[in-house]
Amino acid sequence: MPLLQCIPLAKTAIKCSLAPNSHLSFFDKASAHLATLVSVAVLTFAPAAFADDAARGLEIATEVKNRDRGWVDTSADMEMILRSPDGRESVRQIRVKTLEVDDDGDKSLTIFDAPRDVEGTAFLSFSHIEGPDDQWIYLPAVKRVKRIATRNKSGPFMGSEFAFEDMVSFEVEKFTFKYLRDEQLDGRDMYVVEQVPVDEFSGYSKQIVWVDKEHYRLEQTEFYDRKGALLKVLSLDDYQQYEGQYWRALRADMDNMQTGKSTTLLTSDLRFKEGLDTKDFDKNALRRAK
């Protein structure tokens, strides 16, 4: 018979007492009493600790978002490098325009200029704070605009290791958060935070992100598939500051840990406040993108 009998009173409380007819020495009774105190303390403290970790994770994510407000719009040239497991490469030239939207997610237009098999392809994305994002792709070979279905947004973007759901702005409301720990990455102090997508159709069960403590920049993200296995790792490098405030990584590497494939995005000629507006990001912009 166990020394202690514990009865659950609620989700966070228990009542423990010595088992009846227990013949215990003074030392055993003292040990049992201590065990009771420890059990109660753990059960009482645990929910508060979980709540604190969630609040701290949300606080870090919110600060990341708040430090990147007010940039208005950007334009950039990019090079997308696709790599097979045996090291073969395919290079694509693209242009990206982005518009900051007050009280909602950002809008972006991606235009493929080369090689010839993808030339003229254009991708339009409307991120949203709540609800599914809207995405369309223009396929010049068939001269039609195709809407990306919500259930298909975990699929690969133009054959790369980035998914359609990766091609949206970061919105705090799209995740739940939990602070995990502090640690160093490449000699710099980081917050490590778990973020879980609220979208039931996301291809990810969770993401683990490393956030630079000094600038609140995202440095690395681990993506876990729906079964909880590590799927991809995103590394962001070559950060440059623009407008005296906004940090942008000019290199992004997405490595698929399950297939051995990878994709690199290299950004050049990044420009801010080009005077873009919503007319540059409607569905007609897909067909006239050149």
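F170 is partly exposed, because its relative accessible area of 27% falls between the limits of under 20% for buried and over 50% for exposed. Keep in mind that we're looking at a predicted model here. F177, on the other hand, has a relative accessible area of 9%, so this residue is buried.

## Aromatic pairs

A pair of aromatic rings is described by the distance of the centres and the angle of the planes. The count for this model comes to 12 aromatic pairs. One of them joins F112 and F157: the ring centres are 6.0 Å apart and the planes sit at 50 degrees, so this pair is tilted.

## Charges over rings

Some rings have a charged neighbour. R56 lies over the face of Y179, at 3.9 Å from the ring centre. Over the ring of W71 you'll find the charged end of R248, 5.7 Å from the centre.

## A pocket lined with charges

Now for the second largest pocket, which has a volume of about 210 Å³. Its lining is made up of 17 residues, with K65, R69, V101, D104 and E171 nearest the centre. Sorted by class, the lining has 10 charged, four nonpolar and three polar residues.

How values were computed:
Residues are numbered from 1 along each chain as its sequence is written. This is a predicted model: local features need pLDDT of at least 70, side-chain atom pairs count only at pLDDT 80 or more; totals for chains, interfaces and linings use all residues. Side-chain values use heavy atoms; hydrogens and water are left out. On a 1 Å grid over the protein atoms alone, a cavity is a set of points where a 1.4 Å probe fits but cannot get out, and a pocket is an open set with protein on both sides within 12 Å along at least five of seven lines; lining residues have an atom within 4 Å of a point. Grid points are joined across faces, edges and corners, and a volume is the space filled by probe spheres set on the points. Ala, Val, Leu, Ile, Met, Phe, Trp, Tyr, Cys and Pro count as nonpolar, Asp, Glu, Lys and Arg as charged, and the others, Gly among them, as polar. Rings of Phe, Tyr and Trp (its six-membered ring) pair if their centres lie within 6.5 Å; planes under 30 degrees apart count as stacked, over 60 as edge-to-face and the rest as tilted. Buried means under 20% relative accessible area, exposed over 50%, partly exposed in between (1.4 Å probe, protein chains only). A charge sits over a ring if NZ of Lys or CZ of Arg is within 6 Å of the ring centre and within 35 degrees of the ring normal.
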